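Notebook open, model loaded. I'm jotting down what I look up as I go.

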Amino acid sequence: MKCFKRYLSLLMVAVMLLTVAGCASTPVKEAVAEGKTTIFTPGTYKGTGDGNGGKFTVDVTFSEKSIDEIVIGENKETEGVANNAFDRIPKSIIENQSIGVDTVSGATITSKAILQAVEDAIVQAGGKPEDFKKPQVKKAGMIEEYTADIAIVGAGGSGTTAAVEAARNGASVIMIEKNSYPGGISSFGAGIGGVESSYQKEAGLTFTSDEVYEHMLNYTNATVYAPLLRRIIELSGETIDWLSSDEFKLDISVITPNIWKGEVYDTYHLIYPYGPDRFGPLIDDFVGNGGTLMLETEGKSLIKEGDRVVGVKAVKSDGTEVIIHSDAVIVATGGALANKEMLVEYTGTAEYAMMQPSVSDGAGIRMSVEAGAATTNELFVEVSEIGMTPGIAEKTKFNINLLSVAGLLHVNASGTRYFNEGLFKEQPLNVGGASASSTSPYYVIFDQATVDKMIEGGLKALLPEEGSEDLKEQLDRLSFFGSTSGVPPMFAGAAYPLDNLSYELEEGIKGGYVWKADSIEELAKVTDLNNLTSTVTRYKELVDARHDEDLLKKDIYLTEISTGPYYAVKYLPGAFNTLGGVMVNENLQALDANSKPITGLYVAGVDGGSMFHKPYYDICGTSMMYAFNSGRIAGKEASKFVGK
């Protein structure tokens with residue numbers, strides 16, 4: 001990422017310190033009161049912090065008594081997400097002369113990295129960090145009240161599309177968002193599912209909405225709400241064309257043939273740009289039609305009058321209370337991935353690796369339940385098609401992550417083989433991901449010969465010369481996807497040499513999530529995988545026989561483990577978001593325990609639970625398809641309800 005430099009003049013800071021009456025005391029004021037003349041050794045010092053994209057430095061300039069200037073150095077933080085932290089954290093530190101200031105919602109890791117770097121610089125300048133950790137003063141007792149036809153809680157894919165549709169229909173709309181930027185996880189999804197789009201028709205794809213609907217309903221054993229599934233699929237192709245129209249101009253292309261062997265239909269459309277900028281045209285349209293967007297404003301509770309929902313209470317990041325009176329509320333807060341307690345309660349573990357930072361803590365589900373809504377009988381995690389290590393090397397190319405989908409030996413925390421690893425390669429979302437989410441953490445075991453092959457030729461090098469032509473073609477498509485989609489290039493090495501693998505393994509050893517040993521017995525000891533020795537002995541018998549009679553993995557995936565040293569890599573399921581939540585009907589109205597709509601309450605996106613059932617569908621892009629289409633439907637239906 002380009003170097004972000006944020007300068008604040010000493011004169012401005014001096015004026016603020018002298019003129020802000022009634023604020024909490026700062027180390028500078030205390031030092032003056034005590035007669036001290038020096039707190040720091042003046043100069044510029046380079047502090048280091050651990051960001052989302054690795055370490056980065058911050059140049060901090062001190063006078064004898066104050067922090068005067070903070071300049072962010074070169075970094076690999078996600079542009080569009082980190083920018084607000086780069087702008088605001090230095091300013092807050094200087095204004096408050098404190099590193100106890102609030103982090104920026106949605107950029108928490110970057111914010112903490114800046115604070116860490118400034119603390120490092122304070123020590124270098126001879127200061128005491130504990131003297132600079134006074135909390136930022138909140139605005140106690142401030143209340144703002146608003147009135148609108150529709151209030152929307154959450155500005156992700158579902159909330160934003162709902163806002164666009166409602167504002168276009170003439171409704172007055174206020175949309176609040178906890179994050180410091182709109183888009184949520186939908187900013188980072190590589191693609192969106194759709195059926196009968198113009199792109200599919202141009203590509204000669206002839207499957208119909210009826211066929212996809214029937215397949216998806218049967219896949220869930222009819223456990224989802226069929227009218228909702230039907231409506232989402234029927235709108236999905238139009239939504240693809242809507243997003244790429246002259247109004248929004250998103251760059252979209254259909255992937256065909258599909259990127260995974262086990263997928264049934266080519267529904268996946270890549271969508272550009274990648275990141276929060278994706279939502280710029282949608283937000284501009286919403287605001288241009290009279291809508292109001294309030295960022296860093298967190299929904300707390302719904303307002304009810306009798307059986308009707310008539311507004312929402314929220315709070316801004318500075319402590320100001322917000323009350324929005326409305327005829328309808330659309331809840332779209334993006335699930336509960338950031339709520340560890342809910343994850344443990346519903347999934348049995350909180351050991352997941354977020355694919356992107358999330359602030360979705362289940363607030364939308366909680367608020368809806370408090371207002372009388374019922375929930376579906378499960379909440380589960382949409383797991384990535386690739387495993388994530390607990391740490392990430394600073395100069396990673398994600399070579400190490402590809403090992404999780406290479407068909408190699410997988411074991412659980414006791415060292416026991418637990419499923420057919422070939423399925424993680426052929427059906428990584430609905431089978432591999434589901435299995436990984438039930439066995440977190442898991443470990444992949446392999447030898448040096450396997451490492452050498454992958455460094456030379458990627459995952460293709462593990463396949464036999466004959467009988468694997470279709471799989472090699474799939475890996476070519478996967479590599480193309482990884483090198484062009486705009487997402488981190490996790491799949492680029494599927495067909496290409498994993499030239500960064502040795503470095504990433506060595507960094508993993510330093511980080512404590514990779515182990516290397518000269519024998520399997522030693523590897524079992526250092527990893528504490530008690531059954532590993534017997535598991536590998538049995539697995540080698542299956543490899544030698546070229547037949548997996550235990551779990552029926554295809555023989556083309558039976559890779560030898562015979563040439564030391566030997567490796568074990570720890571993986572966590574990579575998590576996008578949660579699925580399951582509030583019961584809704586085909587109009588996205590929240591339902592009570594008797595399946596009756598709660599007047600004035602709509603729930604869009606993954607806060608709603610009637611579209612999904614574990615495991616995830618065997619069709620790519622379904623959660624993004626649901627986000628954008630459920631939002632559009634909720635926006636239209638809420639507009640009708642308020643008379644627009």
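This is a predicted model: local features need pLDDT of at least 70, side-chain atom pairs count only at pLDDT 80 or more; totals for chains, interfaces and linings use all residues.

**Helix pair α15/α17**

The axes of α15 (residues 448-457) and α17 (residues 501-511) come within 10 Å, and they cross at roughly 135°. What does that angle make the pair? Angles over 145 degrees would count as roughly antiparallel and 65 to 115 as roughly perpendicular, so α15 ends up oblique to α17.

On the α15 side I noted Val451, Met454 and Ile455, and on the α17 side Leu501, Ser502 and Leu505. Sorted by type, the residues of this contact come out as five nonpolar, one polar and no charged.

**Three-stranded sheet**

Then I went to a sheet. I found three strands in the order β1-β2-β3, forming an open sheet with antiparallel pairing. Which strands stand at the edges? They are β1 (43-51) and β3 (67-72); each has a single partner strand, so one side of each has no neighbour in the sheet.

Zooming in on one pair, I counted five bridges between β2 (residues 54-62) and β3, in the antiparallel sense. One residue I looked up there was Phe62, whose bridge partner in β3 is Ile67.

**Helices on that sheet**

What lies across β2 and β3? I found helix α3 (residues 83-96) there, running at about 165° to β3. Helix α4 (residues 108-124) packs on the sheet as well, and I see it touching β1, β2 and β3. The direction of α4 makes about 145° with that of β1.

**Glu95**

While on α3 I picked out Glu95, which is found in that helix.

**Hairpin β10/β11**

Last stop was another strand pair. I found β10 (residues 297-305) and β11 (residues 308-316) pairing in the antiparallel sense over eight bridges. Together they form a hairpin with two residues between the strands. At this pairing, I have Glu305 standing opposite Arg308 in β11. What is the phi of Gly306 in the turn? I wrote down a positive value of about 65°.

Note on methods
Residues are numbered from 1 along each chain as its sequence is written. Side-chain values use heavy atoms; hydrogens and water are left out. Two strands pair if DSSP finds at least two bridges between them. Helices (H or I, at least four residues) and strands (E, at least two) are DSSP runs, numbered from the N terminus. Contact means heavy atoms within 4.5 Å. Axes are lines fitted to C-alpha atoms, for helices over the stretch in contact, and angles run from 0 to 180 degrees between N-to-C directions. Angles under 35 degrees count as roughly parallel, over 145 as roughly antiparallel, 65 to 115 as roughly perpendicular and the rest as oblique. Ala, Val, Leu, Ile, Met, Phe, Trp, Tyr, Cys and Pro count as nonpolar, Asp, Glu, Lys and Arg as charged, and the others, Gly among them, as polar.
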